[in-house]
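I opened this notebook to record what I looked up in the structure, entry by entry. The entries follow the order of my reading.

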Amino acid sequence: MQEHTLKTWPNYFDAVKRGEKTFEVRRDDRGFQKGAVLVLQRTRTDKPYEVEYDYHGKVAHAVRKRITYVLTGGQFGIEPGYVVLGLADE
C-alpha cells in the first residue's frame, strides 16, 4: 500500500485531528489513489513550512488517514492538477 507523508499547516492539521475536516485538497503530484495512507505532519505556527519536532528529534504531531475517495480537478470548480481526497481513520 502506498504511503504519502505531507506537511500540513497547524489550523488544517488540528481540524483533521479533531475529526472536523474529513478531506484534504492537494496538488495531484503524487498519484494519490483510493486506499493509500496519508501521514499528515503538523508544521510550526511560526514557520509553516517546517515540521515540529519533539525533544528526541521525532515529529511532534502526526496523524495517519486512509484515502477513501479521490475527486480529480478540472470539474466542479476544482482547478485542474488538484485533487480533493476523502479521508477516514486508518
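**Entry 1: strand pairing**

I began with strand S4 (residues 62-72) and strand S5 (residues 82-89), which run antiparallel and are joined by seven bridges. I note at the outset that the model is a predicted one. Within this pairing, I found Ile67 opposite Leu87 of S5.

I then turned to strand S3 (residues 37-42), which is antiparallel to S4 and linked to S4 by five bridges. Here Gln41 stands opposite Ala62 of S4.

I also looked up the contact of S2 with S5: five bridges join these two strands, and they run antiparallel. Phe23 has Gly86 of S5 as its bridge partner.

**Entry 2: the sheet as a whole**

In what order do the five strands of the open sheet lie? I read the order as S1-S3-S4-S5-S2, and the pairing is mixed. The edge strands are S1 (3-8) and S2 (23-27), each of which pairs on one side only. From one strand to the next, I noted an average twist of 40 degrees.

**Entry 3: helix H1**

I next examined helix H1 (residues 10-18), which packs on the sheet and touches S1, S2, S3 and S4. The direction of H1 makes about 125 degrees with that of S3.

Which residues of H1 are buried? I listed Pro10, Phe13, Ala15 and Val16. The cover over the buried residues of H1 includes S1, S2, S3 and S4. After H1 comes Gly19, and I recorded a positive phi for Gly19, near 90 degrees.

**Entry 4: the nonpolar core**

I looked up the largest nonpolar core and found that it holds 12 residues. Among them are Leu6, Phe13, Val16, Phe32, Ala36, Leu38 and Leu40. Val63, Ile67, Val83, Leu85 and Leu87 also belong to this core. At least two residues of the core come from each of H1, S3, S4 and S5. S5 gives the most, with three residues.

Leaving out residues up to four places away in sequence, Val83 touches Glu24, Val25, Arg26, Asp28, Phe32, Val70, Leu71 and Thr72.

**Entry 5: Lys21**

The side chain of Lys21 makes a polar contact of 2.7 Å with the side chain of Glu24. Neighbours within four places in sequence aside, I found Lys21 in contact with Tyr12, Ala15 and Val16.

**Entry 6: the aromatic pair**

How many aromatic pairs does the structure hold? I found one. The pair is formed by Trp9 and Tyr49 and is edge-to-face, with 6.0 Å centre to centre and 85 degrees between the planes. Trp9 lies in the loop between S1 and H1, and Tyr49 in the loop between S3 and S4, so the pair ties together parts that are 40 residues apart in sequence.

Trp9 counts as partly exposed, at 38% relative accessibility. Tyr49 is exposed, because its relative accessible area of 61% is over the 50% cut-off.

How values were computed
Residues are numbered from 1 along each chain as its sequence is written. This is a predicted model: local features need pLDDT of at least 70, side-chain atom pairs count only at pLDDT 80 or more; totals for chains, interfaces and linings use all residues. Side-chain values use heavy atoms; hydrogens and water are left out. Two strands pair if DSSP finds at least two bridges between them. Helices (H or I, at least four residues) and strands (E, at least two) are DSSP runs, numbered from the N terminus. Axes are lines fitted to C-alpha atoms, for helices over the stretch in contact, and angles run from 0 to 180 degrees between N-to-C directions. Contact means heavy atoms within 4.5 Å. Buried means under 20% relative accessible area, exposed over 50%, partly exposed in between (1.4 Å probe, protein chains only). A nonpolar core is a set of buried Ala, Val, Leu, Ile, Met, Phe, Trp, Tyr and Cys residues joined through side-chain atoms within 4.5 Å. A polar contact is a pair of N or O atoms within 3.5 Å; within protein, one must be able to donate a hydrogen and the other to accept it, and residues adjacent in sequence count only if both atoms are side-chain atoms. Rings of Phe, Tyr and Trp (its six-membered ring) pair if their centres lie within 6.5 Å; planes under 30 degrees apart count as stacked, over 60 as edge-to-face and the rest as tilted.
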